[in-house]
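Here are my notes on the aromatic rings and the nonpolar core. Have the model open while you read.

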Amino acid sequence: MNHDEWLDFADHEYVKLLQVLSALSPDAWDAPTDCAGWTVRDVVAHIAGAAASTASLRENLRQWRLSRRHEGDQLIDRINDVQLAERRDSSPSALISELSESAPRSVIKRRGTPHLMRRVRIPTDTPGLGWTTVGHLNDVVYTRDVWMHRVDICRATGHPLILTSGHDGQLIGDAADAWLVAPGSPKGLSLTGPAGGQFGSPDDETPAFDAIEFCRALSGRGHLNGVRADIVPF
């Protein structure tokens with residue numbers, strides 16, 4: 001997908017996530033998720049903080065400066081700590097309200113990133129990412145992150161995970177294609193479920209996985225034989 005298509009998907013993913021959050025019971029926000037040590041409420045606090053960061057360069061730099069006060073080897077973990085700490089006392093309704101306001105601004109800001117800026121290469125300390133471009137981070141990785149957290153929240157709360165081939169299937173397919181070009185990956189891949197499909201050049205030895213479980217394994221949330229968690233960032 002191109003830049004504009006990715007941001008269309010990002011916008012739609014925020015809408016789908018907010019629909020899920022608006023339907024959760026008060027108790028559901030305390031449910032533990034696949035993100036170690038994080039409840040549903042913590043996950044939403046992170047998403048809201050990340051959306052605010054990508055919506056404003058000033059806010060992005062502010063979170064980065066504050067992250068230096070937190071412990072941890074990885075910058076992304078320290079920034080996450082800032083986002084959670086600042087929203088520790090926010091109610092579920094306040095988090096939904098903040099995300100409803102910052103998510104559209106995030107998409108607008110990311111969509112308007114100048115072409116030359118999108119080509120700038122930057123170092124990261126995120127496993128599977130290494131050096132990347134601003135464009136890839138803004139378009140692909142941030143969109144995958146929100147999508148994966150919607151999966152986290154639905155799994156934690158029992159809320160139905162609504163999947164479509166046109167939206168979820170595209171996001172999963174992009175991750176599958178990225179995995180297939182990594183050294184040591186097979187030539188083809190078969191993913192089952194409503195958002196699955198055939199990828200690469202399938203043959204008699206093509207591995208088959210549930211599409212959601214495949215993405216969970218890629219992101220380090222689960223384990224599947226032959227699927228490493230440090231190749232495709234989520």
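The points below start with the ring pairs and then move to the core.

1. Keep in mind that this is a predicted model. Searching the whole structure turns up 3 aromatic pairs. One of them is Trp 179 with Phe 214, an edge-to-face arrangement with 5.3 Å between centres and 75 degrees between planes. Trp 179 sits in helix α8 (residues 168-180) and Phe 214 in helix α9 (residues 211-218), so this pair ties together parts 35 residues apart in sequence.

2. Phe 214 also pairs with Phe 209, this time stacked: the centres are 6.2 Å apart and the planes 15 degrees apart.

3. Phe 209, at 13% relative accessibility, counts as buried because the cut-off is under 20%.

4. Now for the largest nonpolar core, which has 58 residues; Leu 21 and Phe 214 touch the most other members. Several elements supply at least two residues each, including α2 (40-55), α5 (92-111), α8, β3 (188-192) and α9. The biggest contribution is from α1, with 9 residues.

5. What does Phe 214 contact, leaving aside neighbours within four places in sequence? The list is Ala 176, Trp 179, Leu 189, Leu 191, Phe 209, Leu 224 and Val 227.

6. One more ring to look at: Arg 144 lies over the face of Phe 234, 5.7 Å from the ring centre.

How values were computed
Residues are numbered from 1 along each chain as its sequence is written. This is a predicted model: local features need pLDDT of at least 70, side-chain atom pairs count only at pLDDT 80 or more; totals for chains, interfaces and linings use all residues. Side-chain values use heavy atoms; hydrogens and water are left out. Rings of Phe, Tyr and Trp (its six-membered ring) pair if their centres lie within 6.5 Å; planes under 30 degrees apart count as stacked, over 60 as edge-to-face and the rest as tilted. Helices (H or I, at least four residues) and strands (E, at least two) are DSSP runs, numbered from the N terminus. Buried means under 20% relative accessible area, exposed over 50%, partly exposed in between (1.4 Å probe, protein chains only). A charge sits over a ring if NZ of Lys or CZ of Arg is within 6 Å of the ring centre and within 35 degrees of the ring normal. A nonpolar core is a set of buried Ala, Val, Leu, Ile, Met, Phe, Trp, Tyr and Cys residues joined through side-chain atoms within 4.5 Å. Contact means heavy atoms within 4.5 Å.
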